[in-house]
Amino acid sequence: MFYKLILKFLNKISNAYLYRNNYRIYSLPTIIRLILLIFGGKLNSFPYPSNNVKKFTKNFLNFHKSKHGLCVTNGTDALKVVLKILKLKWGDEIIFSSLTYHTTASVAIELGLRPVFVDMNPENLSFDLKDLKKKITKKTKAIVLVHLGCAVNNISNILQICKDKNLFLIEDCAHTHGAQFNNKPVGTFGDFGIFSFQQSKLISSGEGGFVIMKKKEHYDRGLSLINCARGHKKPYKTLGINLRMTEIQAIVLNYKLNKFKKKINMINRNIDFIINKIKSFKEIKTINFDK
C-alpha cells in the first residue's frame, strides 16, 4: 500500500512537470505583466483598442503581412462581425463548407441569413467545385471557405469563382495559424480572414478572435460594430455592441504568438510523422496534405 502511494505521488509530479513544460502558457515576463496589469486595475482601457490589444494587433498583422485587423472576443464573433460589415439583407445566402463546426452556420441563421452547404472533396477536404457552382444563386452573397485541421484549400479556383460571380470570400482560418498557400499567408486571399484563439487552437488565450480585412472602410465599420458603436465616422449610427478583447487576453497572445513562431517547424515535422505512421494502416486512408 505504501509503495502504491509513493508511485502515485511520483506519477503526479512527473505528469505535472511534463504538462508544465509542454503546455505552459506563461513566461516570467508575461506573468509580471499580468500581475502589474491586475494590480493597476486597468484590465481594459478606453479608447479601444487598448495598449496591449494594439500591440498584438500589430504583431499578428505583421505575421500575416496585412494592414487592417481587429481583435474580438472569439472566432464565432469574428464571423458575425464580418457578416455585419457586409450589410447583408434578410434571406441572403451564404455558402459554407459542409465539414465545419456548427456555430459557423448558427451565426448566419442568427442574422437572418440562409446557410447553404457544399460537398467536400474527400481527397483533400476542399470544396467540390462542381457542387459549389451548382449551389450559387442570385441570392448568394459570400462564400465561407474553411481551412480545416491545417488542410489548406486550393484558393485559386475559389477566388476565380468569387470574381466571376461578384461574391465576397471569407476565409475561416481557425485551424491554420501560420499556414501559407503559394508562399502567401492564408486569411489574406479573400476579402476577410477570421481566426480563433480558443483553448484548442494553435495560438490560444482561452478565448479570443481576429479579423483580417483588406479595406480600410471595412475596418472602420468593424471597429464601430465591436466597440458599442464608437469610433465610426458617424458615431452611434452603427448598431454596435461590445465584442472587445481584454488586455489580459492580449498579453497572453503576444507571448503565445512569439512562442508559436518558434514551433512551426516542429509542428510540420509532427504532421509528417503522424501521416507517415497512419499510412502504414491499410484500413485508413489519409488526405492529400499539401506542404
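Asparagine 166 sits in the loop between helix 7 (155-165) and strand 5 (168-172). Helices (H or I, at least four residues) and strands (E, at least two) are DSSP runs, numbered from the N terminus. The model is predicted: local features need pLDDT of at least 70, side-chain atom pairs count only at pLDDT 80 or more, and totals for chains, interfaces and linings use all residues. Residues are numbered from 1 along each chain as its sequence is written, and side-chain values use heavy atoms, with hydrogens and water left out.

Most residues other than glycine have a negative phi, and most peptide bonds are trans. Asparagine 166 has a positive phi, near 60°. Its relative accessible area is 68%, so asparagine 166 is exposed (buried means under 20% relative accessible area, exposed over 50%, partly exposed in between; 1.4 Å probe, protein chains only). Asparagine 182 also has a positive phi, near 55°. This residue lies in the loop between strand 6 (180-181) and strand 7 (184-185). Asparagine 182 counts as exposed because its relative accessibility is 60%. A cis peptide bond, with omega about 5°, joins tyrosine 48 and proline 49. Proline 49 belongs to the loop between helix 2 and helix 3 (51-63).

Two packed helices are described by the angle between their axes and the distance between the axes. For helix 2 and helix 9 (residues 247-278), the angle is about 170° and the axes are 10 Å apart. Helix 2 is therefore roughly antiparallel to helix 9 (angles under 35 degrees count as roughly parallel, over 145 as roughly antiparallel, 65 to 115 as roughly perpendicular and the rest as oblique). Axes are lines fitted to C-alpha atoms, for helices over the stretch in contact, and angles run from 0 to 180 degrees between N-to-C directions. Thr30, Arg33, Leu34 and Leu37 in helix 2 meet Glu247, Ile248, Ile251, Val252 and Tyr255 in helix 9. Contact means heavy atoms within 4.5 Å.

Isoleucine 32 is located in helix 2. With 43% relative accessibility, isoleucine 32 counts as partly exposed.

Leucine 132 is part of helix 6 (residues 129-135). Leucine 132 counts as buried because its relative accessibility is 0%. Beyond its neighbours within four places in sequence, leucine 132 is in contact with Ile95, Val118, Phe127, Ile143, Ile158 and Ile161. Leucine 132 and isoleucine 95 are 37 residues apart in sequence, and their C-alpha atoms are 8.3 Å apart in space.
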